[in-house]
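Reader: I'm new to this. Could you show me how to read a structure?
Author: Gladly! Let's look at it together.

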Amino acid sequence: MTDVTALPRLTRSDAAKPAVGVVHLGLGAFYRAHGAIYIAEAMAKSGGDWGIVGVSLKSPTQAQRLMPQGCAYTALELAPTGRIPHHVEVVQNVLVAPHDPAAVLTAMADEAVKIVTLTVTEKGYCHEPSTGRLNQAHPDIKQDLADIANPASALGFLVRALEIRRAAGLRPFTVLTCDNLPENGRVVRGVVLELAGLIDESLRDWIAAECRFPATMVDRIVPATKPEDIAALGADIGKYDASPVMMEPFRQWVVEDDFVDGVRPDFAAVGVELVENVTPFEDMKLRCLNGTHSSLAYLGYLGGFETICDTVAEPAYAAYVTGLWRDEIVPGLTPPEGVDLTAYAAALLARYQNPAIRHLTWQIAMDGSQKLPQRILTQLGEGLSAGRPMTGLVLAVAAWMRYVGGVDETGGAIDVRAPLAARLKALSDAAKTPAEAVTNLLSVEQVFPVALASNAAFVDALTQAYEGLVAHGARAMVAKTTG
Ligand code: CS2
């Protein structure tokens, strides 16, 4: 393969730069393939000053890759039938928060900025997933509380920037979360208010009264960009893009239409669904998509599959996921108006089968302790109470337990990435029997609500599933659950 870095570097076009109206916290691939593109399209269609300043909260990598190419990048649409590169220029600058927190605060406090968008992943909200409360023992929150002028967490930046705006007599910005959390607007509002209240009660009250935190449902499958993707794109476009994003054609964004002073890009012009209540959309997406994604990730990884598409190419796994939708997930959902959930699930299977999307099971398996509650456990508990046999989702939880034990089915080590990884491994290692491993892991209250962990029928079924995985492996258990 030719050296892609020898090609001319991707650059911006001569088009005038749009003025900045958005600051984005957490500039990963997902936002650049989703929110940023909608915003760019809305500007192209209806105008407005909605250029984006991207902020990396931890690592300088994104800035190092994007700045030398003027923050332009390629969003490569990967359909089963072909590849379409889109050249995107909506990002104007990338700041690295730990290097220069003051620059980030200056950007956020700029009067021209009307919206702060966030993709900081589940763990970035520094909350306890089971209660939604701020985790005051979180190291970043401790730093925020010790020195709010130099914040560490996304919440710290929001609170401090809002404090500066209030002091300057400015209006607040809208906080638009784009992470996969149920009632994500309410969650971010809750933790922002909690943190603000610990710093200054009157600031808390001002934010509560004036700021807006619309809920959103975001959807587009965006696997992490791999070196071979960069090389292949170089061959396509004849340029070296150090930071392209890979994305499926499908996309959906449902947004609660509640912005500070009603100011926002013309989202409706580009297919964003502006609604009063996002919850039915969020439940549908989190449970049907993310719930099965995580289930396939653990069972697929253990079964030796590298990607979601490889996993569902195995007939037993395709039957397993179809059964999850039909028997366990869809019966527990109230569909959003006008949506046929059976058709939605069928379309999801086709999206998973897209061979051009190489989405690693290992990538989706990351941060399971933060993802499991809203993706799987809530609906599992509800289904059991309603008397539905939830065998497939129970098997998925057992697979997560096996996965966090850190040893795969051939005896190899699994690189488990999750905030609780060390603790989970220790709990798994301390067990003398499979049943004990299940008991130990169920004791983790950040993940398992007490009501579920003490449900005897659930514990029994989970133990059996876990023992089955240990004795027979994931492929056999998936086939058994399906057949
Ligand atoms: C995935 C999501 O990595 C994961 O946990 O389940 O990123 C998923 O691809 C998106 O939510 C799709 O919209």
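Author: Start with a pair of residues: the bridge partner of Thr-117 is Leu-176, in strand 7. Strands here are DSSP runs of E, at least two residues, numbered from the N terminus, while helices are runs of H or I of at least four. This is a predicted model, where local features need pLDDT of at least 70 and side-chain atom pairs pLDDT 80 or more, while totals for chains, interfaces and linings use all residues. Residues are numbered from 1 along each chain as its sequence is written, and side-chain values use heavy atoms, leaving out hydrogens and water.

Reader: How many bridges join strand 6 to strand 7?
Author: Two strands pair if DSSP finds at least two bridges between them. Here four bridges join strand 6 (residues 115-118) to strand 7, and the two run parallel.

Reader: Are the residues of strand 7 buried or exposed?
Author: Buried means under 20% relative accessible area, exposed over 50%, and partly exposed in between (1.4 Å probe, protein chains only). In strand 7 (residues 174-177), Thr-174 and Leu-176 point one way, Val-175 and Thr-177 the other, and all are buried.

Reader: Where does the ligand lie relative to the domains?
Author: Domain bounds come from an automatic or database assignment. The ligand lies between domain 1 (4-275) and domain 2 (279-482), because both give residues to the shell around it.
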